[in-house]
Amino acid sequence: MSPFATEVHDAAAEARAAGLDPARLPRHLAIIMDGNGRWASRQGWERFFGHRRGADTVRAITTACVRLGIPRLTLYAFSSENWQRPAREVAVLMELLVEYLARELPTLHEQQIRLCAIGRLERLPATAQAALRAAIAATAGYRRMVLTLALSYGGRAELVDACRELARRVAAGELDPEEIDEARLGAALYDGEEVDLVIRTAGEQRLSNFLLWQTAYAEFISHPALWPEFTVADFHACLREYQRRERRFGRV
Ligand code: IPE
Ligand code: IPE
Ligand code: MG
């Protein structure tokens, strides 16, 4: 049996052990990792301790996805709007990103995870851009899971950038405006891949400008745990809730 077949078998067994139907797992899961600041404040600590601890949850949940065989995970790590936070918090988040990439690269190799990034990455500090580019290049050949970090990301900005891209092609005479349809607009996005499930922690019930186009028919689950305390057991509970939902896509 090929290693791939063994892996498929293991993932299915792992899913069943968690009370999940391996055939109906989300193919693209997106997570809004919220509550780091509140978690730190509750311990009487500064907000950035929450971001640091949140990185441990990222590792746990990413590994849980790989083990279940979920092929695509997109994590909201830093929004367009997060640039408005105090400069010190932004600086700590950018340092943590560089630290995370250095620390997690061996795990990405080991678990054959391909790293991608979406957002206006040119706004990130040069050190973060360089670390990101290196990790993306080093993992470009992996196919077991795609892990996408949304950084300096806004859903509206993504749509604006896609419109500009299409407008440039129209202006260059390469594209007829009448040819613009959902498939072409989707393909002009940073990553137009349809999302099946959005999980947001910390009990909030909003999208906060995350993947506006891609989540058009996604299921949305809000979990009360703050991101640093969100466990693999909580994650499995969210997936069971997802599998209880009936996705109708407008049909009867
Ligand atoms: C999520 O946690 C992480 C980022 C937005 C970068 P928050 O920092 O938003 O934590 P709360 O919502 O203030 O608790
Ligand atoms: C959304 O969380 C962005 C990320 C998780 C990176 P926020 O904490 O920034 O969202 P709001 O401000 O509560 O909507
Ligand atoms: Mg928040």
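## Ground rules

Residues count from 1 along each chain as its sequence is written, while chains are lettered from A and ligands numbered from 1 in the order in which they are written. Because the model is predicted, local features need pLDDT of at least 70, side-chain atom pairs count only at pLDDT 80 or more, and totals for chains, interfaces and linings use all residues; side-chain values use heavy atoms, with hydrogens and water left out.

## The pocket

Start with the largest pocket, which has about 650 Å³ of space. (A pocket here is an open set of points on a 1 Å grid over the protein atoms alone, where a 1.4 Å probe fits, with protein on both sides within 12 Å along at least five of seven lines; lining residues have an atom within 4 Å of a point. The volume is the space filled by probe spheres set on the points, which are joined across faces, edges and corners.) Of its 30 lining residues, M33, N36, Y76, A77 and F78 are the closest to the centre.

Helix 2, helix 3, strand 2 (72-79), helix 4 (87-110) and strand 4 (145-153) each give two or more residues to this lining. (Helices, H or I with at least four residues, and strands, E with at least two, are DSSP runs numbered from the N terminus.)

## Ligand 1

Ligand 1 sits in the largest pocket, meaning that more than half of its atoms lie within 2 Å of the grid points. Helix 2 (36-42) and helix 3 (47-68) are the elements giving two or more residues to its shell, and helix 2 gives the most, with 3. Shell residues have a heavy atom within 4 Å of the ligand; among them are R38, R47, H51 and L93.

Now the polar contacts (pairs of N or O atoms within 3.5 Å). Oxygen atoms of ligand 1 come 2.8 Å from a side-chain N or O atom of D34, 3.1 Å from a polar backbone atom of N36 and 3.4 Å from one of G35. The protein covers 87% of the 380 Å² of accessible area that ligand 1 has on its own (Shrake-Rupley method, 1.4 Å probe).

## Ligand 2

Strand 2 gives the largest share of its shell, 3 residues, and the surrounding residues include I32, Y76, R200 and R206.

For ligand 2, an oxygen atom is 2.6 Å from a side-chain N or O atom of S208.

Methods: A polar contact is a pair of N or O atoms within 3.5 Å; within protein, one must be able to donate a hydrogen and the other to accept it, and residues adjacent in sequence count only if both atoms are side-chain atoms.
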